[in-house]
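Hi everyone, thanks for coming. Today I'd like to walk you through how the pieces of one protein model pack together, so please have a look at it first.

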Amino acid sequence: MKQAPATPIHERLAALSEPIRLRIARLVAAEELSVGEVAKVLQVPQSTVSRHLKLLAETGWIGRRSEGTATLYRLHADDLPPEIRPIWLAVKDQAAEPETKDDLLRLQAVLAERRTDSLSFFGRVGGEWDHVRDELFGRDFTARAMLSLIPPTWTVADLGCGTGNVAELLAPVVGKVIAVDGSETMIGAAKRRLDGAKNVVFRLGTLDALPLEDRSVDAAVLALVLHHMPEPAKAIAEARRVVKPRGVVLVVDMVSHDRNEYRHTMGHQHLGFSHRDIEAMCTAVRLQNFNYRILQPAADSRGPALFVSTATVP
């Protein structure tokens with residue numbers, strides 16, 4: 001790792017004190033990255049990243065090396081100048097801004113893309129086939145095809161259907177979709193979206209008092225809706241009420257996060273949910289076989305990480 005020339009300590013501290021540069025330092029401390037990879041994780045222009053990396057390198061915080069035409073950056077604590085190594089060790093694991101957790105999740109997605117790129121370079125067939133397949137059929141056909149694992153005779157309740165995204169995905173593969181929402185505007189938008197879908201019915205009603213009979217559906221889906229509810233446990237209880245024995249309650253929502261501005265800009269009642277939060281709500285209404293899994297975020301996603309949880313009615 002090339003050492004930077006001696007730099008006044010106040011300049012070194014100033015370089016690291018900028019929040020975006022601290023985020024960059026944490027990233028390259030975790031993995032050696034190119035400018036483009038850092039830009040993809042932070043979701044900012046490469047020119048901006050290049051400027052910050054240049055300053056971090058000039059002030060001795062990070063090192064750089066060339067590999068072919070690419071320049072790679074890395075922060076190795078053991079290679080830091082002795083006068084700033086203790087500073088880095090003191091700040092690197094301290095509580096970070098809310099974006100840091102999402103940065104590290106997006107980093108995993110970027111590294112996964114790198115592995116695919118390596119496959120393309122070292123094993124031409126595999127990498128090229130992924131690219132050709134996406135061009136021919138789109139990026140999401142695999143996920144849509146996997147929906148056919150759902151029994152085609154099922155009736156599924158889309159609770160808090162919004163504009164009908166979930167219902168649109170489910171309608172081609174199940175027997176019936178019942179789309180429920182408390183907003184007439186949302187129901188209207190979903191009806192327009194699903195115009196022509198003969199197996200989708202719409203019900204206006206709240207999630208804490210569903211307009212559905214007991215044990216009337218095979219599965220209930222709550223997708224990005226619980227965080228809007230003052231008492232999300234009531235929605236889980238209602239979902240359990242309307243699902244048949246051995247049926248499934250599925251929740252998709254945000255992992256616990258610190259973006260408090262969402263309360264004001266989007267009316268969120270809760271800043272996501274932890275594994276413990278969702279499990280407690282499911283256990284309280286005697287749902288079984290609980291599972292909670294954090295979804296791998298897309299490299300270009302800007303929101304908090306999502307989870308999917310499932311539980312069954314005994």
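Let's begin with how directions are compared: axes are lines fitted to C-alpha atoms, for helices over the stretch in contact, and angles run from 0 to 180 degrees between N-to-C directions. Helices (H or I, at least four residues) and strands (E, at least two) are DSSP runs, numbered from the N terminus. Keep in mind that this is a predicted model, where local features need pLDDT of at least 70, side-chain atom pairs count only at pLDDT 80 or more, and totals for chains, interfaces and linings use all residues. Residues are numbered from 1 along each chain as its sequence is written, and side-chain values use heavy atoms, with hydrogens and water left out.

Now to the helices. The axes of α2 and α4 come within 10 Å, crossing at roughly 75°. Therefore α2 and α4 are roughly perpendicular to each other; by the cut-offs, angles under 35 degrees count as roughly parallel, over 145 as roughly antiparallel, 65 to 115 as roughly perpendicular and the rest as oblique. From α2, the residues I20, R21, I24 and A25 make the contact, and from α4 they are H52, L53, L55 and L56. Contact here means heavy atoms within 4.5 Å. Sorted by class, the contact of α2 with α4 has six nonpolar, one polar and one charged residues. For those classes, Ala, Val, Leu, Ile, Met, Phe, Trp, Tyr, Cys and Pro count as nonpolar, Asp, Glu, Lys and Arg as charged, and the others, Gly among them, as polar.

How does α2 (residues 19-30) pack with α3? The angle is about 120°, and their axes are 11 Å apart. That is why α2 and α3 are oblique to each other. On the α2 side we find I20, R23, I24, L27 and V28, and on the α3 side V38, V41 and L42. The residues of this contact of α2 with α3 split into seven nonpolar, no polar and one charged.

Next comes α3 (residues 35-42) with α4 (residues 46-58): their axes come within 9 Å and cross at roughly 115°. This makes α3 roughly perpendicular to α4. Here V35, G36, V38 and A39 in α3 meet Q46, V49, S50 and L53 in α4.

On to the sheets. Three strands form an open sheet in the order β1-β3-β2, with antiparallel pairing. Its edge strands are β1 (33-34) and β2 (63-67), each pairing on one side only. Two strands count as a pair if DSSP finds at least two bridges between them. Five bridges join β2 to β3 (residues 70-74), and G63 stands opposite R74 in β3.

There is another open sheet, with seven strands in the order β6-β5-β4-β7-β8-β10-β9 and mixed pairing. Which strands stand at its edges? They are β6 and β9 (288-294), each with a single partner strand, so one side of each is left without a neighbour in the sheet. On average, neighbouring strands of this sheet are turned by 15° against each other, direction ignored.

Two helices to look for here: α10 packs on the sheet, touching β5 and β6, and its direction makes about 170° with that of β6. Helix α11 (residues 232-242) also packs on the sheet, touching β4 (155-159), β7 (217-223) and β8 (243-254).

Finally, zoom in on β5 (residues 176-181) and β6 (residues 200-204), which run parallel and are joined by five bridges.
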